[in-house]
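Please consult the sequence and the structure shown here alongside the text.

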Amino acid sequence: LEAVKCKKCGKVLFPPRQICPACKSRDFEETKINDKGKVEAFTIIRVPPSQFTDQSPYPVAIVNVGDGVKVLCQVADCEPEDLKIGMPVKIEFRLIQKEGHGGILNYGYKCVPA
């Protein structure tokens with residue numbers, strides 16, 4: 001999970017950005033964020049967009065991975081009723097959806113119980 005750290009103020013940005021929102025610096029160094037964190041907030045999507053109807057209902061959580069970084073992602077391998085605030089999770093790179101008849105595969109971040 002690649003991120004950048006501002007050399008001027010130390011803010012960690014994920015995903016990486018061109019300008020630090022805290023101090024407006026453009027001077028960064030590459031860093032990595034934790035792939036483990038805790039659920040800070042979540043919701044259950046019961047009426048999803050059309051491309052996710054086969055996954056409904058599914059949870060989406062804000063995961064605090066430390067260094068001031070929070071990641072918004074779908075929670076996989078977890079029943080919605082089992083998800084709790086403070087639950088430890090691991091962020092993984094996984095299939096998000098298949099698009100169209102050509103079978104275009106879209107990958108991104110999901111978290112799973114740790």
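The points below are grouped by salt bridge.

The model is predicted. It holds five salt bridges, among them the pair Asp-35 and Lys-90 and two that involve Arg-94, with Asp-77 and with Glu-92.

**The Asp-35 and Lys-90 pair**

- Asp-35 forms a salt bridge with Lys-90, and the closest N and O atoms are 3.1 Å apart.
- This pair links distant parts of the chain, 55 residues apart: Asp-35 sits in the loop between β3 (28-32) and β4 (36-45), whereas Lys-90 belongs to strand β7 (residues 88-99).
- Asp-35 is partly exposed, at a relative accessible area of 30%, and Lys-90 is also partly exposed, at 29%.

**The network around Arg-94**

- Asp-77, Glu-92 and Arg-94 are linked in a network of salt bridges.
- In the bridge between Arg-94 and Asp-77, the closest N and O atoms lie 2.7 Å apart.
- Arg-94 lies in strand β7 and Asp-77 in the loop between β6 (69-75) and β7, so this pair ties together parts that are 17 residues apart in sequence.
- The side chain of Arg-94 also meets that of Glu-92 in a salt bridge, with an N to O distance of 2.9 Å.

**Exposure within the network**

- Arg-94 is partly exposed, with a relative accessible area of 24%, and Glu-92 is partly exposed, with a value of 25%.
- Asp-77 has a relative accessibility of 58% and therefore counts as exposed, the cut-off being over 50%.

Conventions:
Residues numbered from 1 in each chain as written. Predicted model: local features only at pLDDT ≥ 70, side-chain atom pairs only at ≥ 80, totals over all residues. Heavy atoms only, no water. Salt bridge = Lys/Arg side-chain N within 4 Å of Asp/Glu carboxyl O. Helix = DSSP H or I, 4+ residues; strand = E, 2+ residues; numbered from the N terminus. Buried < 20%, exposed > 50% of the residue type's maximum accessible area, 1.4 Å probe, protein only.
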